[in-house]
Amino acid sequence: MHEIPKKLCNFAAVMNSSNNNATFSVIMTVYDEARKLEENLPLFLEQDYETGYEVIVVDESSTDDTVDVLKLQKAKYPHLYTTFLPKPNRLVTRQRLALTLGVKAAKNEWIIFTDIQTPPPSNQWLTELAEFTLEGTTLLLGYINRKTGDVRLQQFASVDDARLYISKAERKRANGHYGKRLRYIRGKYDFIVVRSEQGHETLRLYERDVRGLRLLGRRIGIFCHNLFH
């Protein structure tokens, strides 16, 4: 596995090679998340980023007021796009199918897979992310410290280099039970940033069913790798 560089990047560090022209498509899926959409979606939509970006929300057939909330938000934010997943598909997990719809709708150079439960810590989130969309970087894993607002990034030259992390079963949010460093060394990232042409490749690893000794091996591999880098 190759990282660029080996240590985590930190937004507090100033980089000389910035990419102010990077464009982003922020993709998330929701199911019965009306209240969280009211609370957190504006934080995604009010980014101070002049280059331009879009937010794509895929509704997984919600039964609450999600549809109404999204309609109100769309009227206010022209860069919000929504689509609807009508029914389950037995061959593909529901969330992966919803994200695939989002990837197909995305128009920009970089895709961000995130969650309405994990809002950006500030309106400079995309501006800071753009600093790390450099030549030679294909994928970034993001870790957010909710207490301090710090965002740290782990960079990869290819999707394959991040395979262990993306396909690891407990890759989802730690729900606040782990400290910043422990979450990182366990590979519990909060969002993925990937070049749009690699979006479908990333989703092929997403929600892969990994169990038993293979899962244990991935846990140990990620833990040891992150512990010493």
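# Close-up views of a predicted model

**Figure 1. Asn40 sits inside the structure.** Asn40 is buried, with a relative accessible area of 4%. This legend, like those that follow, describes a predicted model. To find Asn40, look in helix 1. Once you leave aside neighbours within four places in sequence, the residues in contact with Asn40 are Ile116, Gln117 and Pro119.

Figure 2. The largest nonpolar core of the model has 32 residues. Which residues have the most contacts inside this core? They are Phe24, Leu41, Val55, Ile112, Leu129 and Phe191. Helix 1, which covers residues 34-45, gives the most to this core, with five residues. Apart from this core lies another one, of 25 residues, including Ile27, Leu139, Leu141 and Tyr143. As general background, nonpolar side chains in soluble globular proteins tend to be buried together.

**Figure 3. The surroundings of Leu41.** What does Leu41 touch, not counting residues up to four places away in sequence? The list is Met28, Lys36, Val55, Val57, Leu70, Gln73, Leu80 and Ile116. Two of these names, Leu70 and Gln73, come back in the next view, among the buried residues of helix 2.

**Figure 4. Helix 2 has a buried side and an exposed side.** Helix 2 runs over residues 66-76, and its buried residues are Thr66, Val69, Leu70 and Gln73. Seen down the helix axis, these buried residues fall within an arc of 95°, so they line one face of helix 2. On the other side of helix 2 you will find Lys71, Leu72 and Ala75, which are exposed. What covers the buried residues of helix 2? The cover includes strand 2 (24-30), helix 1, strand 3 (53-59) and strand 4 (80-84).

Figure 5. Glu54 lies in strand 3. Is Glu54 buried or exposed? With a relative accessibility of 4%, Glu54 counts as buried. Along the chain, Glu54 and Lys107 are 53 residues apart, while their C-alpha atoms are separated by 8.3 Å. A polar atom of the Glu54 side chain lies 2.8 Å from the backbone nitrogen of Lys107. Not counting residues up to four places away in sequence, Glu54 touches Phe24, Ser25, Val26, His79, Tyr81, Ala105, Ala106, Lys107 and Asn108.

**Figure 6. An aromatic pair formed by Trp125 and Phe191.** How many aromatic pairs does a search of the whole structure find? The search finds three. In one of them, Trp125 and Phe191 form an edge-to-face pair, with 5.3 Å centre to centre and 85° between the planes. Trp125 lies in helix 4 (residues 125-130) and Phe191 in strand 8 (residues 191-195), so the pair ties together parts that are 66 residues apart in sequence. Trp125 is buried, with a relative accessible area of 2%, and Phe191 is buried as well, at 1%.

**Figure 7. The hairpin of strand 6 and strand 7.** Strand 6 (residues 139-144) pairs with strand 7 in the antiparallel sense, over six bridges. For an example, pick Leu141: its bridge partner in strand 7 is Gln154. The two strands form a hairpin with six residues between them, and in the turn Gly149 has a positive phi of about 85°. Five of the six residues of strand 7 (residues 151-156) are buried, so strand 7 is largely enclosed by the rest of the structure.

Figure 8. Most residues other than glycine have a negative phi. Asp32 has a positive one, near 50°. Where is Asp32 placed? Look in the loop between strand 2 and helix 1. Asp32 counts as partly exposed, at 30% relative accessibility. Ser61 also has a positive phi, near 60°. Ser61 is found in the loop between strand 3 and helix 2, and Ser61 is buried, with a relative accessible area of 18%.

Methods. Residues are numbered from 1 along each chain as its sequence is written. This is a predicted model: local features need pLDDT of at least 70, side-chain atom pairs count only at pLDDT 80 or more; totals for chains, interfaces and linings use all residues. Side-chain values use heavy atoms; hydrogens and water are left out. A nonpolar core is a set of buried Ala, Val, Leu, Ile, Met, Phe, Trp, Tyr and Cys residues joined through side-chain atoms within 4.5 Å. Buried means under 20% relative accessible area, exposed over 50%, partly exposed in between (1.4 Å probe, protein chains only). Helices (H or I, at least four residues) and strands (E, at least two) are DSSP runs, numbered from the N terminus. Contact means heavy atoms within 4.5 Å. Two strands pair if DSSP finds at least two bridges between them. The arc is that of the directions from the helix axis to the C-beta atoms. Rings of Phe, Tyr and Trp (its six-membered ring) pair if their centres lie within 6.5 Å; planes under 30 degrees apart count as stacked, over 60 as edge-to-face and the rest as tilted. A polar contact is a pair of N or O atoms within 3.5 Å; within protein, one must be able to donate a hydrogen and the other to accept it, and residues adjacent in sequence count only if both atoms are side-chain atoms.
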